[in-house]
Each structure stands twice: as C-alpha cells, then as structure tokens.
Amino acid sequence: MNEHYFKAMTWDHPTELPISLGVLASFWFELGDEAFYFAKQYPEFFTNVPKDFEELRNRMPPRWRKGEWLDEWGCVWSNEFEGMDAYVTGHPVKTREDILTLQVPENDVDNLLPHGFMYLRLLDLRGFEEAMYDFADEADELQVLIDKVVAYNLKQVDYALTLPKFERVLWLGDDNGMQTGLAIGADAWRKYIKPAYAKIYAPIKAASRLLYMHTDGCIHEIMPDLVDCGVDMINPQFRANGLDNLVRVCRGKIPINLDLDRQMFPFATPSQLRDHVRECVESLWLPQGGLGINCELNYDIPLENAAALLDALREVKHYKG
Amino acid sequence: MQILTEISENLQKGKAKIVTQLVEQALAEGVPADDILQVGMMPGMDIIATKFKNNEVFVPEVLIAARAMNQGTALLKPHLDSASSVIGKCVLGTVKGDLHDIGKNLVRMMLEGKGIEVIDLGVDVPAEKFVAAIAEHQPDCVALSALLTTTMGEITATIAAIEVAGLRDSVSILVGGAPVTESFCQEIGADIYQPDAASAAEAAKAAILAKKAA
C-alpha cells in the first residue's frame, strides 16, 4: 500500500489516484508465459511478479491449492481450481450444543486474519442454513459463538499489531453482503455483527493504526456502521452496490478502494472497460481523496481486456477532475 | 376461513410448531388438504417471497417460513392428490467446477414454496448429470447456477449437452448467479434469467403454467 493510499484514506489530498492490482495465482498458472510478458508491459501495476511457479505456490495461502484443507477451527475447505479461493464444504459445529463445547483454537500465526475472519467464520463453522436459523431464532448460542470467534480474532489482532508489515495499516476481509443485500438484514447485522467488529477493531484503533476492510456483496447500507467500528477505507464491489449508491453513501464521506466490476471483465469489450474505469473515477473522485481503484485479474479475462483496463487506469491515475 | 388465515400468518412468522398444530386441526375439522395448501400455506410463502424480493425480510425469515411450510406439507402429503399439489418439476444444480450452494438453495426453497417439486442435484454438477436427470425425471424446467465468471462457461456447455441429447425443447432453462446477466442468458440460448431467488421462482412458475396451458 503506497503513500497515495494513506493520503486517500485520510482525506489528505493524494497527488495521484491510488490504484491497486490484485492478481489471482490462477492468472499466472493458466496464462503462463503470456501473463509474464503482459506484466512486463505494466510494471507500475505489477509490482510483485512471482519469479516462477514454485515461488507462486509458496506464496499462496493453503486454501488456494486444489484439494481439501482443514483450517484451525476444523472447517474443511474444498478447492476445484489451483490458484483460486476455496469454499468451505465441511462445517464442524453441527448443533447449537456443539457451540457450547467448541474450543477456541490456539493462535495460528501463519493464517493471521484470513478473509472471512468474523461473519463468514460463523457461516463456515455452522453452515449457511444452520447459521441463518441461529439468527432467525435469535439463539443464545449464537452470541456464545460470536464471542468465541471474537476472542480468537482479538488474539490474532494482538499478534498482528506486533508485525512490521502492519505498522501503519491493517487490512482485513469479510464478505458481509449477498448480491442484493445483507443475508441477515441490517437490523440483525447491527445487533450481532457490528459489536463484534467494534470489539476486534478497538485495539487496532487504540494502537493508532489505519484499518482497511474488504467486503464483497451489497453492503452500502452498513458502510457508515463499518466506519463507526473503526474502518478507515472500505473495499466494496461496483456491481453489487451500484455506482449511484456508492456515490450517495461514500463520496466525500467514506474512503473507498472501489473494486472495478470484475464480473464484466471476461465479457465486456475493451471500449466498455475503458468507459467503466472512467465512469467510476468521474463519479467518485474528489481532490481531497477518499478514492482508490482496485482491479482484480483472473485467468478468464482476455488479455486485450486486461490491457484496456490497465491503459485506462494509467490515464486516470493523474485525473484531476 | 379463519384457520387458513392463521396458518398463513404463522407460516410467514416461521412458527413451525403452530403451523403443524393448525394443519392437524384443520384436517381434523374436515378442511380439504388441498385448500390448506393452496389457500393457507402457499399464499403465506408467496407473501414471504415478495417481502424477500423487496428487502423487507431476509434469509433467516425465509428459511424459517420454508421450514414451517415443509413441516406442514409433510402432514398434508398423505391427504393430497399429488397431481393437484405439485404444479411442475424443476431440476436444479450448481454447474461443474463451482461449489457455491447458497443461491441455489434459496432458489430451491422459493421453487418449493410455489408448489414446484425440485430435484436438487447439488453443486459441481457435470453437464451429463443434468442431462441424465432430465431424461429420468422429465422436469418442466432446469435451473443452472454459477457464482464464478470462470464457471459460467459450464452453463453454456450444459445447455449444449441438453440440446445434443435432444431434450432442449422439453424444458425451460433458467440461469442465475452473481455474474450472470440477461444478456448472457440471451447469448447462450437460455430461456429465463432473474436477478434474485424469488423472481426466479415466479418466472419458473409462470413458464410451467404457460407450458401446461399450451
């Protein structure tokens, strides 16, 4: 995360529009030499190109590997495709009674604050439907489970705060939204999930660190709540939230690192992608900051489309209104 | 009839125990099972589906309503003429390479709430399994789900396999999932795209009724 991002997060007039590029490992695996050649054309965006596939594999979190992986909580992750994220298919907390006997795991310093550390963790432990029944029934055990996950995350945060890489900012990810809204609704979210984030984020703020949070899905309704919890910059999705909502909720109020619409990347024309980048920046940019742009590349993007995106990002980097 | 109204209201609140008690009471009082289903339970589920679409209720409320519906329906089954209680069949699954099941499961619940029998093939379903299920169950529609852009191509491949098997004209094909769009639906020759589970179930019901009326 570069200086422009820090300035954008703190409304401190960045001199450039901050841009981040996320490259899934599958991009390198599937496109091979073409990907490496492509990256050389855009060195300012590809700042961490792997030397070879072996180094790439060593960098990948275990759940990005094809096959099954058991995490520290006992969740079984299944992955059909090397280099992409996995999906939990084995949920260890089968019943509400099991919640009461669930042991909080020992610190896993290698898997510090993984994507899905709080809300998704509840779903991963219980399974989506059982978790939803817990919310519907407002089960006492639900709060017990939340408290256990918070307790674990607090230990992880304590450790993270000692690491040099988090000296200025911690970045976290937890997908709170579905495609058209929150699965549990904003009221239940505020009752159960918001206090959990507030507790986990309190020591981060007490240590005067900035907090960057990624969350997929339609979450515009709770973005101010995330700020209440201590988040300094949110990484929302374009499509799930809609540009109008993002402008209404965020422009001049909440710093965001906008995820360009990666769901259109494989299917759009280069010209549509250039327009997409331009539209996002023109709608959300302010001289004082509050905006970054994130672009995630997977192997299914045609390279001419990737080039159109990165060319457009090169142009808007110096956007001044 | 008051008891049917009560069944509907309690179903909407997800009060499964009360719904089953009321269903038992209604049966004991001689209310036809078909009326309990069609006038009491299904309209209750329709209201929940509409509220879900409008973001007035959320997944937990939908799930407990569906649970109440299932428990009530289980009591009714021995008393129902299956031809009148089920309006049609749908084969449902997440396509090969994709393990996501949340959206698919919501669609299943909504379809069942519309009186559509669902043959749920699960996740990571290869095209040939969809084809075999169509041949075996002779559904009115097939619903294909994908959450990833990288697995959307499997939707296309599945439709092609259905065509090659000579089964395309026998089914309406619904497609859905976060990256799926109306233009993708048209491009690949599917019949129906809807952006949410409740709308998908409504569209499936409309397609089934249109097919039966033809």
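Modeller: In this predicted model, strand β1 of chain B, residues 88–94, runs parallel to β2(B), and 5 bridges join the two. Strands are DSSP runs of E with at least two residues, and helices are runs of H or I with at least four, both numbered from the N terminus; two strands pair if DSSP finds at least two bridges between them. Across this pairing, Val91(B) lies opposite Ile119(B) of β2(B). The open sheet in chain B has 5 strands in the order β2-β1-β3-β4-β5, with parallel pairing. Its edges are β2 (116–120) and β5 (192–193) of chain B; each has a single partner strand, so one side of each lacks a neighbour in the sheet.

Residue numbers start from 1 along each chain as its sequence is written, and chains are lettered from A and ligands numbered from 1 in the order written. Local features need pLDDT of at least 70 and side-chain atom pairs pLDDT 80 or more, while totals for chains, interfaces and linings use all residues; side-chain values use heavy atoms, without hydrogens or water.

For chain A, the count is 14 helices and 9 strands. Its radius of gyration (over C-alpha atoms) is 20 Å, close to the 20 Å given for 321 residues by the globule rule (2.2 Å times the number of residues to the power 0.38), so chain A is as compact as a globular protein of that length. Of the 321 residues in chain A, 58% are buried, meaning under 20% relative accessible area with a 1.4 Å probe, protein chains only. Among chain A contacts (heavy atoms within 4.5 Å) with a separation of 6 or more, 69% join residues 24 or more positions apart.

Definitions and conventions
Buried means under 20% relative accessible area, exposed over 50%, partly exposed in between (1.4 Å probe, protein chains only).
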